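Here are my notes on this one, as promised.

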Amino acid sequence: SSGINAEYGDQPDNLRVSEYSMRGQHYVAVHKLLRYWDDSDGQKQLAFLCECPGWEEEQEVQPTGSPEPPQDGLRASPVKSMPAKGKRFIYYPVASSYWKAQSRCVNSGGNLACPSNARQNEFIANIIRSSTWLGVLDYNEEGVFQCSSSEDLVYTNWGLNQPDNSDGGYGKKEADFVVMRYKIGSDEHGAWFDQGSMTNLQDYFFDFVCESECTVGEEGCIPNDPSKAE
């Protein structure tokens with residue numbers, strides 16, 4: 001079967017995606033959000049999935065009930081808390097199509113920005129200088145928005161009467177992508193509106209912001225959980 005890539009067309013396309021790569025695309029990757037197969041030149045670092053035969057040995061059954069208290073002279077080790085996670089954002093004042101912007105973010109080790117709370121949204125609104133693509137879309141199922149990174153969408157900041165699912169362009173009624181509005185001095189600055197990706201065979205172009213995961217306390221890291229101090 002084949003998948004449809006909004007940027008590059010039918011797959012497999014054996015497309016030379018990098019000017020530095022002269023080889024063909026002999027490997028296959030699965031797009032984790034759109035779920036189609038895409039041929040690749042094998043140069044990009046991706047996660048991988050192994051398969052192995054089913055286990056035939058009987059697994060040891062762990063006893064249930066309260067654990068035995070530690071013996072004299074021994075104390076249970078304290079449970080270490082995981083460091084709080086956050087996001088670091090980088091603004092690119094480069095007008096791009098949605099798919100090209102997402103590709104550039106992924107190639108840099110992140111994704112298009114998907115704010116997890118009001119503080120992260122405000123930070124992005126303060127660094128942009130034009131309306132900007134966000135990593136939020138309902139491409140897979142109309143009306144069900146999610147982050148382009150496949151993480152849960154836990155925060156939204158829709159503008160007035162948004163999303164309205166208009167301006168899909170190119171004979172397409174749905175507006176499947178999200179843009180942060182740049183309107184300094186207005187209540188709508190930093191608000192979101194849904195947007196199509198193409199009109200009259202031409203891509204819509206906006207600036208974009210990439211996000212990457214970080215640990216709270218690192219420079220420029222904004223917590224995903226607002227209750228976590230930096």
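1. Which cysteine forms a disulfide with Cys114? Cys147 does, and the two sulfur atoms sit 2.0 Å apart. For the term itself, I mean a pair of cysteine sulfur atoms within 2.5 Å. The torsion about the S-S bond of Cys114 and Cys147 is about -50°, so this disulfide is left-handed. Cys114 lies in the loop between β6 (111-112) and α2 (118-127), while Cys147 belongs to strand β8 (residues 146-147), so the pair ties together parts 33 residues apart in sequence.

2. Before going on, a word on what you are looking at. This is a predicted model, with residues numbered from 1 along each chain as its sequence is written. Local features need pLDDT of at least 70 and side-chain atom pairs count only at pLDDT 80 or more, whereas totals for chains, interfaces and linings use all residues; side-chain values use heavy atoms, with hydrogens and water left out.

3. Are Cys114 and Cys147 buried or exposed? Cys114 counts as buried at 1% relative accessibility, and Cys147 counts as buried at 0%. Buried here means under 20% relative accessible area, exposed means over 50%, and partly exposed is in between (1.4 Å probe, protein chains only).

4. How many disulfides does a search of the whole structure find? Three. Counting bonded cysteines along the chain, they follow the pattern 1-4, 2-3, 5-6.

5. Cys105 and Cys210 form another of these disulfides, with their sulfur atoms 2.0 Å apart. The torsion about their S-S bond is about -85°, so this link is left-handed. It connects distant parts of the chain: Cys105 is in helix α1 (residues 98-107) and Cys210 is in strand β13 (residues 206-215), 105 residues apart. Helices and strands are DSSP runs numbered from the N terminus (H or I, at least four residues, for helices; E, at least two, for strands). Cys105 is buried at a relative accessible area of 0%, and Cys210 is buried too, at 4%.

6. Then there is the disulfide that joins Cys214 to Cys221, S to S 2.1 Å. With 90° about the S-S bond, this link is right-handed. Both Cys214 and Cys221 are buried.

7. Have a look at β13 next. Why call this strand largely enclosed by the rest of the structure? Because seven of its 10 residues are buried.

8. Now for the neighbours of β13; two strands pair if DSSP finds at least two bridges between them. Strand β5 (residues 85-96) pairs with β13 in the antiparallel sense over nine bridges, and Tyr91 has Val209 as its bridge partner in β13. Strands β6 and β13 also run antiparallel, joined by two bridges; there, Asn111 has Glu211 as its partner in β13. With strand β7 (residues 132-137) the pairing is parallel, over two bridges, and Thr132 stands opposite Asp207 in β13.

9. Finally, the overall picture. The protein has two helices and 14 strands. Of its 230 residues, 35% count as buried. Among contacts (heavy atoms within 4.5 Å) between residues at least 6 apart in sequence, 67% join residues at least 24 apart. The protein exposes about 15600 Å², and carbon and sulfur atoms supply 50% of that area, as worked out by the Shrake-Rupley method with a 1.4 Å probe.
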